[in-house]
Amino acid sequence: LALVVYVATLAPSITFENNGTDSGDLITAARTLGVPHPPGYPTYTLLAWLATNLPVGTIAYRVNLLSALSGALAVGLVCRCAQMLLPAGRNSLLLSAAAALTLAFSPLLWSQAVIAEVYALHTLLAALFLWLLLRWRNGGADANLWSAGLVLGAGLGNHLTLVFAAPAALVLLWPQRRRWLRAGAMLPSLLLFLLGLGVYAYLPWAARHNPPVNWGNPQTWQGFRWLVTAQQYQAFVFGLPTGQIPERLATWAGRFGAQFVWVGVVMVLAGALWWWRRDRWFLLASLAWSLPLTVYAFFYDTGDSHVYLLPVLILLNLWWSGGALYLLDLVSSRTRRQVWQQAALVLILLLPFASLGLHWQEVDLSDDWVAYAYASQMLDGVEPHSLIVVRGDRPTFALWYAVYAEGQRPDVALVSGPMLAFIWYRAHVRQLYPNLIVEEPYATDEVTTDDLVHDLIAANQGQAPIYATDPKESWEAWFDF
């Protein structure tokens, strides 16, 4: 059911909506087996490359399908986790399914399941990691623990915030520590974790053939470290200005309520109490995962950091399932009339469908061609063999997709003005466009990005028609409008 809804609302191409501006960068890197923006996302890139070879729709649509499938599989795994955690009974399957569909139709997961981004896959890998741990804890074979190590390693190749799951795993399995500390259980898990983490070897391999998207050129140790540690974005970590904390608190409170249609918030809170009585190690593991991740995301100074909370949403929906069972037991204890018990169950089961109706229009991107039309129309209007200087992420990534992934206008040269500040990028442009003149500044410490753009334009005037997507005022004097 989740997959049907996701496909029905799937974006047909690249998009600027649902915090999907990076979709052009990610899809292009996948299609060309390149290196996307830091930290490189090798697991996502390789899976997305497989998706680009599907015989359906646009290249972007195929990668969007990967997100839809990932989101739907995550929903299925959450249902299975809830079944393992809830006591067996006639309503356990229904409540497990309701909890999973509450996650499926939450605006946060739904918005990421219809675009090309790393977060739907991140949700799937988080759910898979938790499911494997629960299976092993419930008496399953050691292969479950081994596989969890592999998933954690490969998951860090998709999004580094999965590292917050590691201490939670230790808490969850602490009562059975004698069992998992055995070499036969622990050593294979560590080895498979390292094997999964080895997906990062893709980055220097991909950089060797100089793909059109090659952030950091990670062939050298310096470039690899710059990329994987996301040095470009480190200033955002705990970078939220103090004055913005009240506004973010209010915004996040509203988003939290929207995930559960507000009524469900009561069930989440009731579930916390219920799990403390029923399975406090699961509750403590949930807190060990959720609290550090929430603090990190809250103080991360970008407008879309709330998307990092998707693993937290998994755990809260499992709390929701316990709260739903608690409320049903409460109704049963207050009245013996079966009709009231059934009515309470029906109301609980309708909650995810209320979310479905409330958020459909907000999330639906099935007719969103804005980003694709932008890139195509811009390329239609430029002269042959032009140089296009791009500035913002939206025009940059949209044009990368059109030119490098779809092959539109292979005659034009695309150069990001702000990225000229990086030595590796200037070298990359020279390799990508041998006929383009990209000079090195004499005194790099004193040169601004505007100076570098000026030098690029000045050196290539008369060699090719030059355009800018969104020039700064300081650039305008350099163009013959």
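Helix α17 (residues 310–334) and helix α18 (residues 338–363) cross in a right-handed way; a crossing counts as right-handed if the near helix is turned clockwise from the far one by less than a right angle, and left-handed if anticlockwise. This is a predicted model, where local features need pLDDT of at least 70, side-chain atom pairs count only at pLDDT 80 or more, and totals for chains, interfaces and linings use all residues. Residues are numbered from 1 along each chain as its sequence is written, and side-chain values use heavy atoms, leaving out hydrogens and water. Helices (H or I, at least four residues) and strands (E, at least two) are DSSP runs, numbered from the N terminus.

**How the helices pack**

- Two packed helices are described by the angle between their axes and the distance between the axes.
- For α17 and α18, the axes come within 9 Å and cross at roughly 160 degrees; axes here are lines fitted to C-alpha atoms, for helices over the stretch in contact, with angles from 0 to 180 degrees between N-to-C directions.
- That angle makes α17 roughly antiparallel to α18 (under 35 degrees counts as roughly parallel, over 145 as roughly antiparallel, 65 to 115 as roughly perpendicular, and the rest as oblique).
- On the α17 side, the contact (heavy atoms within 4.5 Å) is made by Trp 320, Ala 324, Leu 328, Val 331 and Ser 332. On the α18 side you'll find Trp 340, Gln 341, Ala 344, Leu 345, Ile 348 and Leu 351.
- Sort the residues of this α17–α18 contact and you get nine nonpolar, two polar and no charged (Ala, Val, Leu, Ile, Met, Phe, Trp, Tyr, Cys and Pro count as nonpolar, Asp, Glu, Lys and Arg as charged, and the others, Gly among them, as polar).
- Helix α17 also meets helix α4 (residues 59–85): their axes come within 10 Å and cross at roughly 45 degrees, so α4 and α17 are oblique to each other.
- The passing of α4 by α17 is a right-handed crossing too.
- The residues of the α4–α17 contact come out as six nonpolar, one polar and no charged.

- Val 268 sits in helix α15 (residues 263–278) and is buried, with a relative accessible area of 1% (buried means under 20%, exposed over 50%, partly exposed in between, using a 1.4 Å probe and protein chains only).
- Skip the neighbours within four places in sequence, and Val 268 is in contact with Phe 260, Leu 316, Trp 319 and Trp 320.
- Val 268 and Asn 317 are 49 residues apart in sequence, yet 7.2 Å apart in space, C-alpha to C-alpha.

- In α13 (residues 221–228), the buried residues are Gly 223, Phe 224, Trp 226, Leu 227 and Val 228. Their cover includes α12 (202–207) and α21 (423–432).
- Thr 229 lies in the loop between α13 and α14 (245–259) and is partly exposed, at 38% relative accessible area.
- Phe 238 lies in that loop between α13 and α14 as well. Phe 238 is exposed at 52% relative accessibility, and has a positive phi of about 50 degrees although it is not a glycine.

**Aromatic rings**

- Rings of Phe, Tyr and Trp (its six-membered ring) pair if their centres lie within 6.5 Å; planes under 30 degrees apart count as stacked, over 60 as edge-to-face and the rest as tilted. By this rule the count comes to 28 aromatic pairs.
- Phe 105 and Phe 353 have ring centres 6.3 Å apart and planes at 55 degrees, so the pair is tilted. These two are 248 residues apart, with Phe 105 in the loop between α5 (92–104) and α6 (107–112) and Phe 353 in α18.
- Phe 105 is buried at 0% relative accessible area, while Phe 353 is partly exposed at 37%.
- Trp 274 and Trp 275 have ring centres 4.7 Å apart and planes at 85 degrees, so this pair is edge-to-face.
- One aromatic cluster has Phe 238 among its members, including also Tyr 119, Phe 164 and Trp 252.

**A cis bond**

- Pro 38 and Pro 39 are joined by a cis peptide bond, with omega about 5 degrees. Pro 39 lies in the loop between α2 (23–31) and α3 (42–52).
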